[in-house]
Amino acid sequence: MYDLHTHTTASDGTLTPCELADAAVKSGLAGIAITDHDTVAGLDIALEYKKQNNLPIEIIPGIEMNTEYGDEEVHILGYFINYHDSSLINRLSEIKKARYTRARNMVTRLQKMGLSIDFAQVERLAHGDLIARPHIARALMEKGYVFSIKEAFNKYIDRGKPGYVPRYKFLPEEAIALIQKAGGISVLAHPGLIKNQDCITRFINMGIDGLEVFYPEHSNRQINYYLLLCARNNLLITGGSDFHGLEKDKNKGKLGLAGLNYNDMQNIYKHMRRKK
Ligand code: AMP
Ligand code: ZN
Ligand code: FE
Ligand code: FE
């Protein structure tokens, strides 16, 4: 089994890239893709570690880009990207800066509401790397204001809640183009979480290469529907757990909880070979 959706401490996961690689070997997975939010910082570390230790596992370089489409959050996965591509690197470094400013503004808002979290704490939780809202949620949890990440979102930092500050502007078509330019394949992440299902056709028309059909929160009905959509539109099928670490958070998958079997994985490899 291949788990094609995992996060590390480079974004908002709780395992380092090396710990994730070890955990994946221990779970008996044939391969994983590391798909941190808006960063490729964990990839070299994991791949180097695998090489040094001769780990019996494939590690596919990936990314998950958080974009916005209308009033929806849309995540685009990229696989087999050349993560040294300069357009990609430049855009990601802009995004990192914008995320830093946004997190500062969110902390200020929360402080004004009387919650005594501080920015240094959030930075520490983010390991000095890219900051995402789950880091702010963890800070609120550490200080005892909420019991779970979910509660932090529901009360304070979800869209429309008092601590929320919108993200920089980043559109799905830009993410798809960046991934394409970096030689990778683009995949719509967890399509089942998108409220307006009609927009999936739009993403297909924008040139997305695949759909993340297998995902812990997808029902069998959704899985069957997306399989059909892939067959009709000649799209790649992918899957992954969205593993974020060993935190007790029902919203996130266990490593290997969803993924791709050997045959579907071969289709992706075939597609990559045809591109070359
Ligand atoms: P950001 O990109 O900084 O806006 O953070 C988005 C990330 O927060 C997503 O990728 C999820 O991992 C997480 N997230 C978003 N909404 C929720 C929610 N309602 N509950 C828990 N985690 C969430
Ligand atoms: Zn995340
Ligand atoms: Fe996502
Ligand atoms: Fe994810």
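Q: What arrangement do the four donor atoms around the iron ion (ligand 4) make?
A: In this predicted model, the protein donors of the iron ion (ligand 4) are H5 (NE2), H7 (NE2), E64 (OE) and D242 (OD), at 2.1 to 2.2 Å. Four donors count as tetrahedral only if all angles lie between 85 and 135 degrees. The angles subtended by the four donor atoms here run from 80 to 169°, which makes the arrangement irregular.

Q: How many residues apart in sequence are the parts that H7 and D242 tie together?
A: The donor residues of the iron ion (ligand 4) follow the spacing H-x1-H-x56-E-x177-D. H7 belongs to the loop between β1 (2-6) and α1 (17-26), while D242 belongs to the loop between β7 (236-239) and α10 (262-275), so the pair ties together parts whose separation in sequence is 235 residues.

Q: Are H7 and D242 buried or exposed?
A: A residue counts as buried when its relative accessible area is under 20%. H7 has a relative accessible area of 0%, and D242 has 5% relative accessibility. H7 is therefore buried, and D242 likewise counts as buried.

Q: Which residue coordinates both the iron ion (ligand 3) and the iron ion (ligand 4)?
A: The iron ion (ligand 3) is coordinated by E64 (OE), H75 (ND1) and H190 (NE2), at 2.1 to 2.2 Å. The protein donors of the iron ion (ligand 4) include H5, H7 and E64. The two iron ions are 3.4 Å apart, and the residue that coordinates both is E64.

Q: How many residues apart are H75 and H190?
A: Along the chain, the donors of the iron ion (ligand 3) are spaced E-x10-H-x114-H. H75 lies in strand β4 and H190 in the loop between β5 and α8, so this pair links distant parts of the chain, 115 residues apart.

Q: Where on α7 do its buried residues lie: on the same side or on opposite sides?
A: Helix α7 (residues 172-181) has P172, A175, I176, L178 and I179 as its buried residues. Around the axis they cover an arc of only 165°, which puts them on the same side of α7.

Q: What covers the buried residues of α7?
A: The buried residues in question are P172, A175, I176, L178 and I179. Both strands and helices contribute to their cover, which includes β3 (58-69), β4 (72-79), α3 (86-112), β5 (185-188) and α8 (199-205).

Q: Why is strand β6 described as largely enclosed by the rest of the structure?
A: Strand β6 (residues 210-214) pairs with β5 in the parallel sense over two bridges, and it is joined to β7, also in parallel, by four bridges. The reason for the description is the burial of its residues: β6 is largely enclosed because the number buried is four of the five.

Q: What is the handedness of the β-α-β unit made by β6, α9 and β7?
A: β6 and β7 run parallel, and G210 stands opposite L236 in β7. Together with helix α9 (residues 220-233), the two strands make a β-α-β unit that is right-handed.

Q: Which residues does R133 touch?
A: R133 is placed in helix α5 (residues 133-142). With a relative accessible area of 9%, R133 is buried. Not counting residues up to four places away in sequence, the residues that R133 touches are E73, R102, M106, F153, I157, D158, R159 and Y164.

Technical notes:
Residues numbered from 1 in each chain as written. Chains lettered and ligands numbered in written order. Predicted model: local features only at pLDDT ≥ 70, side-chain atom pairs only at ≥ 80, totals over all residues. Heavy atoms only, no water. Buried < 20%, exposed > 50% of the residue type's maximum accessible area, 1.4 Å probe, protein only. Arc of directions from axis to C-beta. Contact = heavy atoms within 4.5 Å. Donors = N, O, S within 2.8 Å, 3.2 Å for Na, K, Ca; no water. Tetrahedral: all angles 85-135°; square planar, octahedral: opposite > 155°, others 65-115°. Pairing = 2+ DSSP bridges. Right-handed = clockwise from strand over helix to strand, strands pointing away.
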